[in-house]
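I opened this notebook to keep track of what I looked up, one entry at a time. The entries follow the order in which I worked.

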Amino acid sequence: MKIGIIQGRLSPPVEGFQECPVDWEREFKLLPELGLNHIEWIVTKESFNTNPIFTIDMSGYPISSICADNLVDGRITNKEYLYSNLIPLCEAATRNGIDNITIPLLEDSSVVDTTTRQNLCALMAEIIDQYRSLNFLFEAELPADHLEEILSLSDRCYVTYDTGNITSCGFKHIEYLKQIFDRVKNVHLKDRTYDAQTVAPTTGDTNFKQIFHFLKKNGYNGLYTLQTARGKFGDEINTIKEHKRIMEALYNEKSI
């Protein structure tokens, strides 16, 4: 189980709930102690102009993907907005040897609307063709057949499967996974209730045992990334230790 963590979850959320912490190097140093092997790097609107991914050599760090949280915006299908906010991330990934760009299509950047989705596909096709060394991972709150429209753009289009988001959208995990399984490259581990509350693992409505059983049965060997609920402020390391323990127990079908 290749398990890592979303950036910021090992630090108090001083800079924001999900943000690149000022002392970002500390999180990488903690990975061996915690048995984690990668960090999914975050770029937000707030950090876009100061994020070190644009100015520092990151090629020696185990970064699994750059997550473009800065694209969670209703202007995602505006060409100027998309290009000015995504191309710098593609350049940074290419420069630092990072293979994956994660694009969240949820909340303000939702493409549930057919015309909006088609417009995004047209714009993304140009960027995907320009950056042929990169994979583009879409984290979407969409019916599987609508997500497949985006995946059909290229064999370098993949899925970041967010367990909590799929739960709160009311989709059936196994039915959904059967449809897009061959494109899943990263699994965000998050528990949510049906009314979209992010909660501690096993306290929500996400059936992790069912999900893990399907993924293992079908030979998934990609990334798992902890994006679990935050616990007590200042006790982030113990929170993640416990959440990791729970997830690994569920994965191995052991008692929690």
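**Entry 1: a covered strand**

I began with strand β2, where Ile39, Trp41 and Val43 point one way and Glu40 and Ile42 the other way, and all of them are buried. The model I am reading is a predicted one. I counted along β2, residues 39–43, and found five of its five residues buried, so I noted the strand as mostly covered under the cut-off of under 20% relative accessible area. I then looked for its partner and found that β1 pairs with β2 in the parallel sense, over two bridges. In that pairing, Ile5 stands opposite Ile39 of β2.

**Entry 2: the barrel**

I followed the pairing onward from strand to strand. Eight strands close into a barrel, and I wrote their order down as β1-β2-β3-β4-β5-β6-β7-β10, with parallel pairing. From one strand to the next, the twist averages 30°.

Where does β1 meet β10? I found four bridges joining β1 (residues 2–6) to β10 (residues 223–226), and the two strands run parallel. Lys2 stands opposite Leu223 in β10. Helix α8, residues 236–251, packs on the sheet and touches β1, β7 (184–189) and β10. I noted that the direction of α8 makes about 140° with that of β10.

**Entry 3: the largest pocket**

I turned to open spaces next. The largest pocket holds about 520 Å³ of space. Which residues lie nearest its centre? Of the 24 residues in its lining, they are Gln18, Asp69, Leu106, Glu107 and Gln227. I sorted the lining by class and got 11 charged, seven polar and six nonpolar residues.

Glu107 came up again when I checked backbone angles. Its phi is near 55°, a positive value in a residue other than glycine. Most residues other than glycine have a negative phi. I placed Glu107 in the loop between β4 (100–105) and α3 (114–130).

**Entry 4: another positive phi**

Ala196 also has a positive phi, about 70°, although it is not a glycine. I found Ala196 in the loop between β8 (191–192) and β9 (198–199). With a relative accessible area of 38%, Ala196 is partly exposed.

**Entry 5: the second largest pocket**

I noted about 150 Å³ of space for the second largest pocket.

**Entry 6: the closed space**

How many cavities of 30 Å³ or more are there? I found one. The largest cavity has a volume of about 50 Å³. Among the residues lining it are Glu139, Ala140, Leu147, Tyr161, Asp162 and Tyr176.

I then asked which elements supply the lining. β5 (135–140), β6 (157–162) and α5 (163–169) each give at least two residues. β6 gives the most, with four residues. By class, the cavity lining has six nonpolar, two polar and two charged residues.

Note on methods: Residues are numbered from 1 along each chain as its sequence is written. This is a predicted model: local features need pLDDT of at least 70, side-chain atom pairs count only at pLDDT 80 or more; totals for chains, interfaces and linings use all residues. Side-chain values use heavy atoms; hydrogens and water are left out. Two strands pair if DSSP finds at least two bridges between them. Axes are lines fitted to C-alpha atoms, for helices over the stretch in contact, and angles run from 0 to 180 degrees between N-to-C directions. Contact means heavy atoms within 4.5 Å. On a 1 Å grid over the protein atoms alone, a cavity is a set of points where a 1.4 Å probe fits but cannot get out, and a pocket is an open set with protein on both sides within 12 Å along at least five of seven lines; lining residues have an atom within 4 Å of a point. Grid points are joined across faces, edges and corners, and a volume is the space filled by probe spheres set on the points. Ala, Val, Leu, Ile, Met, Phe, Trp, Tyr, Cys and Pro count as nonpolar, Asp, Glu, Lys and Arg as charged, and the others, Gly among them, as polar. Buried means under 20% relative accessible area, exposed over 50%, partly exposed in between (1.4 Å probe, protein chains only).
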